Amino acid sequence: MSDPAAFAEARLAEDEAIAQRNIDAGLLDDDEKTGPGYPDYQTYRDDDTEAADKYLMCFRPRRMLREVEAGRLILAAHVPDHHEPDAYGVRICAVCVSDKSGGYAENWVMDLWPCLPVRAVLLSWADHEDYDPEWRP
Ligand SMILES: [Zn+2]
């Protein structure tokens, strides 16, 4: 398994660069109705172009930047705990505890890392050639 955090940060940096390049070049921004690749809505306005318009509005550069920020916040909160690895060197999440069946907090079982929130962030790139299928939640 490659490093999930390094993989995620590389993908987030790619997404960030793509979004920022569009904003900086004035190609496509949240304030613009149209951009590269948009159909001619004045001529071909129907239910299909309406659906395409709503879909494309979900992938505006500033929204992508917010999603990059959200991904980084999740990754920063869910780091592998290197201070208390178990006897076999298995990494655990520093914050996630799904199994509290042990009663007292000292008996709770910390989740393995990458934990579910990190796996959820990684899922965005499940079709990437370097995505490890073992990361799938
Ligand atoms: Zn976690």
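**Note on a predicted single-chain model**

1. Trp108 is partly exposed, because 14 other C-beta atoms lie within 10 Å of its own. On this scale a residue is buried with 20 or more other C-beta atoms within 10 Å, exposed with 12 or fewer, and partly exposed in between, the C-beta atoms being placed from the backbone. Trp108 belongs to the loop between β2 and β3. Apart from neighbours within four places in sequence, Trp108 is in contact with Val97, Asp99, Lys100 and Gly102; contact means C-beta atoms, placed from the backbone, within 7 Å. From Trp108 to Ser98, 10 residues away in sequence, the C-alpha to C-alpha distance is 8.3 Å.

2. The model is predicted: local features need pLDDT of at least 70 and side-chain atom pairs count only at pLDDT 80 or more, whereas totals for chains, interfaces and linings use all residues. Residues are numbered from 1 along each chain as its sequence is written.

3. The mean pLDDT of the chain is 82, pLDDT being the predictor's confidence in each residue, from 0 to 100. A value of 70 or more is reached by 79% of the residues. Where pLDDT is low, predicted coordinates should not be read in detail.

4. The chain contains 4 helices and 3 strands. These are DSSP runs numbered from the N terminus: helices are H or I, at least four residues, and strands are E, at least two. Their order from the N terminus is α-α-α-β-β-β-α. Of the 137 residues, 12% count as buried. Among contacts in the chain with a separation of 6 or more, 43% involve residues 24 or more positions apart.

5. How do helix α1 and helix α3 pack? Helix α1 (residues 4-24) and helix α3 (residues 61-77) lie at an angle of about 160°, with axes 9 Å apart. The two helices are therefore roughly antiparallel, a term for angles over 145 degrees. The axes are lines fitted to C-alpha atoms over the stretch in contact, and angles run from 0 to 180 degrees between N-to-C directions. The crossing of α1 past α3 is left-handed, that is, the near helix is turned anticlockwise from the far one by less than a right angle.

6. Residues of α1 that meet α3 include Ala5, Ala8, Leu12 and Ile23, and those on the α3 side include Met64, Leu65, Val68 and Leu75. Ala17 is also located in helix α1. Is Ala17 buried or exposed? Ala17 is exposed, because 11 other C-beta atoms lie within 10 Å. Ala17 and Leu65 are 48 residues apart along the chain, and their C-alpha atoms are separated by 9.1 Å.

7. The 3 strands form an open sheet in the order β1-β2-β3, with antiparallel pairing. The edge strands, each pairing on one side only, are β1 (80-81) and β3 (109-112). Strands pair if DSSP finds at least two bridges between them. Strand β2 (residues 92-99) is joined to β1 by 2 bridges, and Asp81 stands opposite Ile92 in β2. On the other pairing, 3 bridges join β2 to β3, where Val97 is opposite Met110 in β3.

8. One backbone detail deserves mention. The peptide bond from Trp113 to Pro114 is cis, with omega near 10°. Pro114 is placed in the loop between β3 and α4.

Technical notes. Two residues are in contact if their C-beta atoms, placed from the backbone, lie within 7 Å. Angles under 35 degrees count as roughly parallel, over 145 as roughly antiparallel, 65 to 115 as roughly perpendicular and the rest as oblique.
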